[in-house]
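Dear colleague,

I am passing a structure on to you, and my notes on what was found in it follow below. Please read them with the model open.

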Amino acid sequence: MVHVGIGYDVHPLVEGRRLVLGGVEIPHAKGLEGHSDADALMHALTDAVLGAIGDVDIGHLFPNTDPSWKNAPSRIFLEEAARRVRAKGGRIVNVDVSLAAEQPKIHPHISAMKANVAAALGIPVGKVGVKATTNERMGFVGREEGIAAMAVASVDLPE
Ligand code: MG
């Protein structure tokens, strides 16, 4: 039986931080602020996968008060979500993410992001969607105050 999950995440863009999205470090004047590496793409995907199996969310599994996750690569969170799917006898069918970022241009990095997500989840790269859009200069994304990510995951679980 196929189950779906949804995930959403946003982090502020600030000076003096690395910009990491989908495990790819993108050269940019600002980076995402957060306790871990603040990879909003991986965080949204982690919540989508956890949601599909009815599990708790990323903030419960990896609290930002826990020093273990300080500046941690968010691939760890996605790997744990995939492990929890396998523990239930499930299989990730596909995942898909949309990024909302005014700057920088995401397109040149999409192939590398897909490869990183596929590796973390242990699924073929053809089962991973990553797209990006600007916010047409509107709102906090449009003012380049932050970057948002929305994700869905489809998981085949035994009855
Ligand atoms: Mg986050």
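The side chains of Glu145 and Arg143 meet in a salt bridge, with 2.8 Å from N to O. With a relative accessible area of 40%, Glu145 is partly exposed, whereas Arg143, at 53%, counts as exposed. Before going on, please note that this is a predicted model.

Other salt bridges

The search of the whole structure gave 10 salt bridges. Another of them joins Arg18 to Glu25, where the closest N and O atoms are 2.9 Å apart. Arg18 has a relative accessibility of 45% and therefore counts as partly exposed.

Glu79 and Arg75 form a salt bridge too, with 3.4 Å between the closest N and O atoms. How far apart are Glu79 and Arg75 in helix α3? They are 4 residues apart in that helix, which covers residues 75-87, so about one helical turn separates them. Glu79 has a relative accessible area of 30% and is partly exposed. Arg75 is also partly exposed, with a relative accessibility of 38%.

There is also a network of salt bridges, which links Asp55, Glu80, Arg83 and Arg84.

The sheet

The model has an open sheet of 5 strands, in the order β4-β1-β7-β5-β6, and the pairing is mixed. Its edge strands are β4, residues 30-32, and β6, residues 128-133, each of which pairs on one side only. From one strand to the next, the twist averages 20°.

In general, the strands of a sheet pair through backbone hydrogen bonds, either parallel or antiparallel. Strand β5, residues 91-100, runs parallel to β6 and is joined to it by 6 bridges. Two residue pairs can be looked up here: Asp96 has Gly129 in β6 as its bridge partner, and Ser98 stands opposite Lys131 in β6. Helix α4, residues 110-121, packs on the sheet and touches β5 and β6. The direction of α4 makes about 140° with that of β6.

Strand β5 also pairs with β7: the two run antiparallel and are joined by 9 bridges. In this pairing, Ala100 stands opposite Ala148 in β7.

Leu99 in strand β5

Is Leu99 buried or exposed? Leu99 lies in strand β5, and it counts as buried because its relative accessibility is 0%, where the cut-off for buried is under 20%. Leaving aside neighbours within four places in sequence, Leu99 is in contact with Leu21, Leu41, Ile106, Met113, Lys131, Ala132, Thr133, Ile147, Ala148 and Ala149.

Asp39 and its surroundings

Asp39 sits in the loop between β4 and α1, the latter being residues 40-52. With a relative accessible area of 1%, Asp39 is buried. Which residues does Asp39 touch, not counting those up to four places away in sequence? They are Val20, Leu21, Gly22, Gly23 and Ser74. Arg18, already mentioned for its salt bridge with Glu25, is 21 residues away from Asp39 along the chain, and the C-alpha atoms of the two are separated by 9.9 Å.

Tyr8, Val10, Phe140 and Met150 make a nonpolar surface patch of about 350 Å². Met150 belongs to strand β7, residues 146-156. Its relative accessibility of 41% lies between the cut-offs of 20% and 50%, so Met150 counts as partly exposed.

Where to look in the model

- Arg143 and Glu145, for the salt bridge between their side chains.
- Strand β5, for its parallel pairing with β6 and its antiparallel pairing with β7.
- Leu99, for a buried residue in strand β5.
- Asp39, for a buried residue in a loop.
- Met150, for a partly exposed residue in the nonpolar patch.

Kind regards

Terms used
Residues are numbered from 1 along each chain as its sequence is written. This is a predicted model: local features need pLDDT of at least 70, side-chain atom pairs count only at pLDDT 80 or more; totals for chains, interfaces and linings use all residues. Side-chain values use heavy atoms; hydrogens and water are left out. Two strands pair if DSSP finds at least two bridges between them. Axes are lines fitted to C-alpha atoms, for helices over the stretch in contact, and angles run from 0 to 180 degrees between N-to-C directions. Contact means heavy atoms within 4.5 Å. Patches are made of residues with over 30% relative accessible area and no salt bridge: like charges are joined within 9 Å, nonpolar side chains (Val, Leu, Ile, Met, Phe, Trp, Tyr) within 5 Å. Accessible areas come from the Shrake-Rupley method with a 1.4 Å probe; for residues, only the protein chains shown count as cover. A salt bridge is a side-chain nitrogen of Lys or Arg within 4 Å of a carboxyl oxygen of Asp or Glu. Buried means under 20% relative accessible area, exposed over 50%, partly exposed in between (1.4 Å probe, protein chains only).
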